[in-house]
Amino acid sequence: MKLQQLAVVFIIIILPIALVLSEYTNINMQVLNKQAEYDNILLTSTYDAIRAFQMNTLNNGYSTISDSKIRDISASVNSFYNSLASSLGSSGYKIEDLQGYIPALLFTMYDGYYLYGDYQNIVTLEKDGDTYKQNYSTENTNSLKSTNGIKPYIYYTCEYKGSNKFDIIVNYTLDNYISVMGTDNSGNIINMSGYLINPSSVTKDASGNITAHGIEIKPEKLYEYAIVMDSGIDSINLTPANGGNPTYYQYVYYNHQKYYLDTNPEQRATSYNGINIFRLNNNLRTYLNESEANSLAKYVLNRDNANYTELNATSFIDNSAYKYYNDALEFSNKVINLFNGVSYNVVTDSYNNQVNYTKTANGEKVPIHTRTNYNVNEVFKISDSNDPEAEDSIFNEHRMDVIISSIESNLMSIIANFNLHQNSGYEFALPVMTEEDWYKITNNITVVTFMQGIPIGNYKYYSNYAVVANTKNKEFVSRDSIIIRDVETGNRSNDTLGTYHNPKCKDINDNNSGNLIGYNNIDYEQQTVSYDIIDPSSHSTVETKMLYYYPHSGSGAYECVIGKDEVKYTADNLILNTELKDENGNIIGNKPNQNVRKAYISALAREKYNLYKISDYFNKY
Amino acid sequence: MSDTVVTVVAIFLAAILMFIFPLMSTADRTDDISTQAVDTATTEFVDQIRSTGKITQNDYDNFVQTISSTGNAFDVELEVQILDDNPGKKVTEAEMTKVGENYYYSKYTSQILDKVNSDGVMYLKQGDIVSVTVKNTNRTISAILKDFIYSVTGNNSATITARHSGIVNVNGK
C-alpha cells in the first residue's frame, strides 16, 4: 500500500475514535459544570434562607418564643424556595414543583432542631351529622397524600440507665447548658437545668465574691444606643422619642429583657408615672409601675427590702455574669453528685445503633459520623481535664456525638421516606457528610439543605447538600460571638467613636491597657424600627416609616473584626488562660491579656445567662 | 486513477484536519472563555446590587461594557422581585419586612432601565430578590462552524449564557 492510502486508512480509523472521545469528554465536562452550577445555586439559596431568618429575627423582639420561631422558619423555607426558583431560571416555578428535589431541610436551633420534609400524618375533619369531628385513625391518615411541612421540634436528648432506679434523660444544647430529668439511684425525681462548668475553676469566698478562671466576676455597667417609640398625642400614632435620633441608655438585663434607665426627663411618654425606668414592648417605651420597678430593684441590688428609689446611674448595674457562675456552680455540683459512683449505659437507640451508609460505588459500608471513642461513664466526671466550657473536653465530645446521632437517624428516615411519595426512579438517600460539616452543625445555629434527583446528563443525577451557619442570632451566644470595646468610647458624646475588636485578636491582647467591656455581636448589627403613620380620621395607614440605628457606635477593627488576620487566640486560650500555641503544640505567644479575658469571660457569662431558654422553668419548682 | 482519488481524498481530509478542526476547537475555547468572563461579570453585578441595595446607571454601564468586551452582542434581562406587604401581618410582630411571608411583585428590564435612565439609580430594599440573565444574540464563530456541519435551530441557540440571582441584603436608601 502506498503512503497516501495508509494515511487515509489511518485517518478513517482514528477520526471516529477521536470524535467519540471528544464528545465523551465534552459530555463529562458539561456534567461537571452542571454539578458546580447546582452546587452554587444550592449554596446561594441556603445563604438566602439564613439571611431571611436573620433579618426576621434580629428585628423581632419575640423571636425566641417558639410560635414566632416557627413562623420565622416557615418564612425562611419560603425564601429558600423563592431563591431556588429564581436561580433555576424560572421565577414561575412554584414551591410544589421544586419540592420533588428537596428531600429535607434541617434547621438546627439552640436545644433541638426542626426538620422540614414530607409526611402523611395529617388529621382532617370528618362530617358527623351536623358537626365535624376529627378522625385520628391510621387508615384515614395513611390514605391521605403526603404534605410538606415542618415536623415537631426534636430535642438533643440522651437517656442514661443505671443498675438501680437510676434513669436520667439529659437534654443537650449547643453549649454547656443542660437539662437533667429522671430518677436517681434511690428513685428521687430529678428535674433541673443549668450550665455545667468545672467547679474547681470557680471559687466563691465567704463574703460571696466569685472568681472564675482566675478572673474576679464583678457587676458591669452596660450602655447602648436605642431608638424607642412613644404613644403619641392622638393615641393612634406612635412617635419616635428624641426626634428619631438614637439615645444612649444605661441598661440591665432582667427576665431575659433589657430594662433601660432614662435620665432625660424631656422625652417622657404617656406611660410615665414618675419612675425613670422603662422596658421595650415591640419598640414601644413602656415605663414601669411601682411593683415592677421594686422587683427590678430587688433583683439588681440583690436585697429583699430594696426600693426603686435606690436605682440611679451608679447603682443601675448588671449582675448577670455573677449569677451565671453562681448558679452554674450550684447546678454543676448537683449534677456531679448525681452521676458520682453510678455505673450507667446509654439507652437511646439512635446513639447506640450507629447508622451505617452503604456507599453505592463499591458497596463498602462507611459510617456517616465516626463517634469519639471513650467510656460514657467519664462524661460527667468533671475535672480540669474535662472542663465542659473547653472545646476538647469529654463532655463536649459526647455532646456533639449525641447531637449528631439524633440528627443523623432522623435525617436518614425523613430522606428515605421521601422515596415513598416520589416516583422519579431516583433513590433518595442521606449523602455522606464531612466531619467539618458536622462540627459546624453541632456548634452553630445552621440550616442544612439537601437537593437530589435532578438529572444532570450522562445518566447521572445531582445529589448534594449545603450547610450554612447563622452566626448572628438571638437564639444562642457562641464562644465566638463576643466583641469587645473600650468602656468609655462607646458614648458618641465623647466624640471618640472608638474601634471594637474580636477578643481573640493578637493585637489587642498584646497592646491593650484600657478598661474593656464585651457585648454580643448582634448588638453591633444595624437595627430597624418601623412604624406606620395612620390617618386618625380614616384609621388607614398613610405611610410606613423606617428608622435605622446601631446599638454600638464606632467601627470594627480591620485586623480582627472585618479581616481575620490577627485572630490568633482561641476561645480555649481565653477561658483557660493558656499560651498561644502552633499546630505542633509549641508555644508561640504569651498568655492572653487579663483585661481582654475579664471582658470576654464576663460578657460571655452575661449574654449566656440572659438567653431565653425553654427549660428554664425546671429550676423554679 | 485510484491514486489520484486517494490523493484528492487525502488532501481533503488533511484540509479538514489542519484547518477546520483547530479553528472549531479554538472557537469553542473562545466561547468557553467568554462564558466564564460573562458569568463572573454577572455574578459581580448582582452581588454589587445585593450588597449596595441599588442599581445605578454607572454599574449597569460598566457591566454591559465588561460583557461586550468579549466581542459579542448580548441581551441583558433584569428582574427585580419587590417585597410587598405581608398578608399574615400580626400585631405582635408588625414588621412589614418579614422576608418569606410576603408577596412579591416583579419589575422587568424595560421598567428597571426606564427608572435607572431617568433617575440614574433605582433603590431596592432588604428582602427584594434581584436576578440577571445574559444571553448572546449574535452568532459566534463556533456556532457558525457548527452550523456548517449540523445546524441547531430554535430559541435556545445562545451559546454564551449566564444567570445569577439573590436576596438584597441592605436597604439602598
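Two residues are in contact here if their C-beta atoms, placed from the backbone, lie within 7 Å. What you're looking at is a predicted model, where local features need pLDDT of at least 70 and side-chain atom pairs count only at pLDDT 80 or more, while totals for chains, interfaces and linings use all residues. Residues are numbered from 1 along each chain as its sequence is written, and chains are lettered from A and ligands numbered from 1 in the order in which they are written.

**View 1. Chain B at a glance.** Among contacts in chain B between residues at least 6 apart in sequence, 79% join residues at least 24 apart. The chain has four helices and six strands, with helices being DSSP runs of H or I of at least four residues, strands runs of E of at least two, and both numbered from the N terminus. Read from that end, the order is α-β-α-β-β-α-β-β-α-β. Of its 173 residues, 29% count as buried, which takes 20 or more other C-beta atoms within 10 Å of a residue's own C-beta, again placed from the backbone.

**View 2. Helix 1 against helix 2 in chain B.** The axes of helix 1 (residues 2-52) and helix 2 (residues 57-68) come within 9 Å and cross at roughly 170°; axes are lines fitted to C-alpha atoms, for helices over the stretch in contact, and angles run from 0 to 180 degrees between N-to-C directions. That makes the two helices of chain B roughly antiparallel, a label for angles over 145 degrees. On the helix 1 side you'll find B:Val38, B:Ala41, B:Phe45 and B:Gln48, and they meet B:Asp59, B:Phe63, B:Thr66 and B:Ile67 of helix 2. By class, this contact has five nonpolar, two polar and one charged residues. For the classes, Ala, Val, Leu, Ile, Met, Phe, Trp, Tyr, Cys and Pro count as nonpolar, Asp, Glu, Lys and Arg as charged, and the others, Gly among them, as polar.

**View 3. The open sheet of chain B.** Four strands line up in the order 3-2-5-6, with antiparallel pairing; strands pair if DSSP finds at least two bridges between them. Strand 3 (104-108) and strand 6 (161-167) are the edges, each pairing on one side only. Eight bridges join strand 2 (residues 74-83) to strand 5 (residues 129-136), and B:Phe74 has B:Asn136 as its bridge partner in strand 5.

**View 4. Helix 3 over the strands.** Helix 3 (residues 109-119) of chain B lies across strand 2 and strand 3, running at about 70° to strand 3.

How values were computed. Parallel < 35°, antiparallel > 145°, perpendicular 65-115°, else oblique. Buried ≥ 20, exposed ≤ 12 C-beta atoms within 10 Å, placed from the backbone.
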